Amino acid sequence: MAEPPYRRPRRSDDLGLRHALGDRMLPLLVAAMAFLAALALAGSAGAAALVRHWQEGAAAALTVQVPTPAAPAAAPAEGERLAAVLAALQSAPGVAAARALTPAELAALLRPWLGTAGSDPALPLPAVIAVHLVPAAPDPDALQDQLGRIAPGTLVESHGVWVARLARLGRSVQGCAWLVLAVVAAVAVAVVTAATRAGLAARREAIELVHGLGATDGYIARRFARRATWLALLGGVIGTLAALPVLGLLAALAAPFTGPPDLAMLPADLLVGLPALPLAAAAIGFVTAQATVRRWLRRLP
Amino acid sequence: MVRLEEVSLQYGNARRAGPMVLHDLSFIVPEGGFRWLRGPSGAGKTSLLRLLHLAVRPSRGRLFVFGSDTGVARRAELPALRRRIGMVFQDFRLLTHLSAFDNVALPLRLAGRPEAKVAPDVAEMLRWVGLSARMAARPAALSGGEQQRVAIARAVVGRPSLLLADEPTGNLDDAQAERLMRLLKEMNRLGATVIVATHNAALVARHPGPALRLEQGRLIDDG
């Protein structure tokens with residue numbers, strides 16, 4: 001009877017790397033790195049979005065304080081100071097809307113500092129006008145001069161100074177997030193290097209044999225790199241997917257600042273960055289394994 | 001084909017020198033030549049075969065294989081030379097996770113032979129060494145003699161220009177040893193240079209031929 005033809009296993013593994021580079025520890029460690037990287041990426045994207053949000057809000061708003069609002073304006077024909085300032089604001093170019101806060105709103109604003117005393121009508125409080133601007137907003141200093149002429153002592157407060165400080169804080173958070181990403185990438189390189197070295201030690205005899213049979217450094221390095229790339233990609237996908245619920249939770253926590261939580265509302269750079277994480281993990285696996293194996297092989301003649 | 005000019009081999013490295021195992025060897029084995037390699041245990045036979053297999057570089061002197069000065073050749077040039085050398089190791093050195101078929105196929109695949117052309121040659125070689133029924137078996141499931149035959153099949157499947165064998169009959173019965181010698185002679189007749197290290201005096205007596213004799217790492221007879 002004719003013997004059955006020998007069938008080669010579908011997946012060739014000349015060096016036995018399926019055992020030497022196991023499919024548990026390396027993907028698990030890379031998954032942990034990808035999870036941390038996803039959080040850092042979200043931190044960076046979130047900080048960037050907040051900075052943008054604050055800056056857009058600050059550029060679109062002013063607060064105007066009018067002391068002794070009921071006193072006559074500089075030009076008696078203009079009536080009370082508050083009404084004169086409001087009228088000037090509403091006709092000023094670049095102002096979308098100007099509205100004086102009600103005494104109740106003013107008291108609510110002051111409550112953290114003055115308690116219920118803020119509601120005392122005997123307290124000489126300035127009137128406060130909330131001004132919303134269009135994109136081509138007027139220069140706050142020019143506006144201050146104009147309003148000061150109508151009602152001396154009127155104060156125009158741009159939100160820019162506070163927002164500039166907050167933006168600096170946001171950018172610092174962003175910088176920290178990028179630093180964390182760099183550290184995570186460095187640790188991932190170290191993890192892949194250690195796993196590859198362990199694989200080299202475990203398969204030393206097989207490597208020396210195929211080297212003796214005429215295998216090039218590239219052939220051996222490709223075998224390791226292919227395995228490490230697959231395992232790192234697997235770990236990257238697992239870690240990124242594991243981070244999604246946490247990112248959803250963070251988005252819910254940030255909702256008061258950024259709007260209602262929704263995956264589609266995540267910052268665009270995060271939506272691009274998250275799918276790129278497994279690819280970055282795979283690239284780290286490939287390059288690190290190639291470099292480690294080629295360096296190791298230099299000890300052979 | 002193989003030319004040694006005052007070749008010495010010392011194991012170890014620059015920081016920690018090991019023992020000098022070969023001293024000032026000079027000989028030539030011409031293309032298509034046959035040599036027995038003889039000498040007592042520890043004489044340096046295996047070290048000389050390792051040198052010829054390009055597993056180590058000479059510490060001193062010049063070693064020419066296929067006309068290339070292997071002591072100074074670039075690393076990148078050596079794999080192509082190694083692919084023209086077949087080696088039967090004393091301890092077989094089969095890859096334990098691969099079947100007999102895949103062990104024998106390894107040199108062909110490393111040489112870039114298309115898979116469709118690998119199978120017929122490997123099957124033929126395994127049939128020749130009497131293992132056509134054991135193609136899928138892994139080394140752990142094979143006897144010592146069967147492993148030896150797989151190692152022999154792997155060494156010759158690529159029709160090497162230089163065939164080196166280190167005690168190739170150590171695990172074979174007389175009939176298998178004779179069969180192996182016929183294979184080596186046939187390869188030699190077809191143009192391969194063959195060097196066989198052995199302790200088996202009876203085998204040498206049955207197949208007389210020129211011999212290199214080593215003692216304590218020195219060549220004491222060349223012919």
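This is a predicted model: local features need pLDDT of at least 70, side-chain atom pairs count only at pLDDT 80 or more; totals for chains, interfaces and linings use all residues.
On the side of chain B, 27 residues are in contact with 24 residues of chain A. Together the two chains bury about 2100 Å², and 60% of this area falls on carbon and sulfur atoms. A trio of residues stands out here: B:Arg75, B:Arg82 and B:Leu110 supply 31% of the area that chain B buries against chain A, more than any other three residues. Polar contact is also found across the interface of chain B and chain A, with 9 residue pairs counted, and the interface holds 1 salt bridge.

Which helices of chain B each supply at least two residues of the side that touches chain A? They are H2, helix H3 (100-110) and helix H4 (115-128). Of the elements on this side of chain B, H3(B) gives the most, with 5 residues. By residue class, the side of chain B that touches chain A divides into 13 nonpolar, 4 polar and 10 charged residues.

We may now turn to the charged pairs. Side chains of opposite charge can pair when their charged atoms come close. Over all chains, a search of the whole structure finds 16 salt bridges. One of them is formed by A:Asp217 and B:Arg75, whose closest N and O atoms are 2.5 Å apart. This pair joins two chains, because A:Asp217 lies in helix H8 (residues 217-253) of chain A, whereas B:Arg75 lies in the loop between strand E5 (68-69) and helix H2 (78-82) of chain B. The two partners also fall into separate accessibility classes. A:Asp217 counts as buried, since its relative accessibility is 17% and the limit for that class is under 20%. B:Arg75, with a relative accessible area of 26%, is partly exposed.

Other salt bridges lie within chain B. The side chains of B:Glu178 and B:Arg206 meet in one of these, at 2.5 Å from N to O. Where do the two residues sit in the chain? B:Glu178 belongs to helix H6 (residues 174-189) of chain B and B:Arg206 to helix H7 (residues 201-206) of chain B; the residues are 28 apart, and the pair links distant parts of the chain. B:Arg206 is partly exposed, with a relative accessible area of 43%.

A further salt bridge connects B:Glu5 with B:Arg3, with 3.0 Å between the closest N and O atoms. B:Glu5 is partly exposed at a relative accessible area of 29%, and B:Arg3 is likewise partly exposed at 33%. Elsewhere in chain B, a network of salt bridges links B:Asp102, B:Arg109 and B:Glu115.

Strand E1 (residues 2-12) pairs in the antiparallel sense with strand E4 (residues 60-65) over 5 bridges. Within this pairing, B:Ser8 has B:Arg60 as its bridge partner in E4(B). E1(B) also pairs with E2(B), again in the antiparallel sense, over 7 bridges. Here the bridge partner of B:Leu9 is B:Leu22 in E2(B). A hairpin of 4 residues joins E1(B) to E2(B).

Finally, two residues of chain B deserve a look for their backbone angles. B:Asp24 is not a glycine, yet its phi is positive, at about 45°. This residue is placed in strand E2 (residues 17-29) of chain B, the strand that pairs with E1(B). At 43% relative accessibility, B:Asp24 counts as partly exposed. B:Arg159, also not a glycine, has a positive phi of about 45°. Is B:Arg159 buried or exposed? With a relative accessible area of 63%, B:Arg159 is exposed, and its place is in the loop between helix H5 (144-156) and strand E7 (162-166) of chain B.

Note on methods
Residues are numbered from 1 along each chain as its sequence is written. Chains are lettered from A and ligands numbered from 1 in the order in which they are written. Side-chain values use heavy atoms; hydrogens and water are left out. A salt bridge is a side-chain nitrogen of Lys or Arg within 4 Å of a carboxyl oxygen of Asp or Glu. Buried means under 20% relative accessible area, exposed over 50%, partly exposed in between (1.4 Å probe, protein chains only). Contact means heavy atoms within 4.5 Å. Buried area is the accessible area (1.4 Å probe) that two parts lose on being put together, summed over both. A polar contact is a pair of N or O atoms within 3.5 Å; within protein, one must be able to donate a hydrogen and the other to accept it, and residues adjacent in sequence count only if both atoms are side-chain atoms. Ala, Val, Leu, Ile, Met, Phe, Trp, Tyr, Cys and Pro count as nonpolar, Asp, Glu, Lys and Arg as charged, and the others, Gly among them, as polar. Two strands pair if DSSP finds at least two bridges between them.
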